[in-house]
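Visitor: Hi! I'm new to looking at protein models. Could you walk me through this one?

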Amino acid sequence: MDRPGFTASLVAGGVAGVSVDLILFPLDTIKTRLQSSQGFHKAGGFHGIYAGVASAAIGSFPNAAAFFITYEYVKWFLHTDSSSYTMPVKHMLAASAGEVVACLIRVPSEVVKQRAQVSAASRTFQIFSNILYQEGIRGLYRGYKSTVLREIPFSLVQFPLWESLKALWSWRQDRVVDPWQSAVCGAFAGGFAAVVTTPLDVAKTRIMLAKASSSTASGDVLSALHGVWRTQGLSGLFAGVFPRVAAISLGGFIFLGAYDQTHSLLLELGKESP
């Protein structure tokens, strides 16, 4: 990847990530509380809806930037003809690699954020300090495996679908899609991916919020899913699906639209500069 392309992916991904995380934070809080084992109302209900926003704000730019740098680099490294039937595979591999790298930043931010969301009376820094004191660095990465296991299937659905929808729309109108059209494709792709991966999201939330001494805290995704199924059934596995789909559909619209818009703008600026 050339320098302008690398820089454009870094900045565009970061701008898109911050935009989504801050605009849609209340929906994320509602989803987390619905998925919490203590129940929506005991977890805070509709009160303190911005609890944990500081953690999201700090982590969103580097997290999104890391994803898109990796995503674009792997696409470039695996370059194939645009008409090749291997294009969806390339997008899947690029998205998966992006998620593995981004989760190194996302998981500590997510652990602190989610605990703040269900403990609105506690400050973000206090929660961060308590995790380090009681569990060490490992505590900040509790749920890394479950997050990757959620994000990779999500990306395997979302990004090839997004790229395919953009390609189809471009073919139908005989020109490259506009940013708003890319955003519409992103909303549809994100919403569909959100539905099918909600059980994995529930497992991730339970693992991150579990007490350190509990069996759920070990990070066993299948065990967490089984526990939810045993106590709450299918409705428990899909807890929070509506705010999750709403947030990710709107997030896909903003995130992927803002990414394409910023990426195109920065590449144009790069061409104009000497």
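Visitor: What span should the 25 residues of helix 3 have, at 1.5 Å a residue?

Guide: They should span 36 Å, and the end C-alpha atoms of helix 3 are 36 Å apart, so the two agree. Keep in mind that this is a predicted model.

Visitor: Okay, and where in helix 3 is the kink?

Guide: The kink lies at Ser60, shortly before the proline Pro62, and amounts to about 40°.

Visitor: Which residues does UniProt give for "transmembrane region"?

Guide: The unreviewed UniProt entry places that feature at residues 6-27, 48-69 and 237-259. Over residues 48-69, the chain is 77% helix and 0% strand, with end C-alpha atoms 34 Å apart.

Visitor: New topic: how many residues are in the largest nonpolar core?

Guide: That core has 11 residues, among them Phe67, Phe68, Tyr71, Trp162 and Cys185. Helix 3, helix 4 (87-117), helix 7 (144-173) and helix 8 (179-196) each give two or more residues to this core. Helix 3 supplies the largest share, 4 residues.

Visitor: What about a second core?

Guide: There is a separate one of 10 residues, including Val111, Ala116, Ile127 and Val148.

Notes: Residues are numbered from 1 along each chain as its sequence is written. This is a predicted model: local features need pLDDT of at least 70, side-chain atom pairs count only at pLDDT 80 or more; totals for chains, interfaces and linings use all residues. Side-chain values use heavy atoms; hydrogens and water are left out. A nonpolar core is a set of buried Ala, Val, Leu, Ile, Met, Phe, Trp, Tyr and Cys residues joined through side-chain atoms within 4.5 Å. Buried means under 20% relative accessible area, exposed over 50%, partly exposed in between (1.4 Å probe, protein chains only). The expected span of a helix is 1.5 Å times one less than its number of residues. The bend at a residue is the angle between axes fitted to the seven residues ending there and the seven starting there. UniProt positions are given in the numbering used here, feature names are shortened, and annotations may be inferred rather than shown by experiment.
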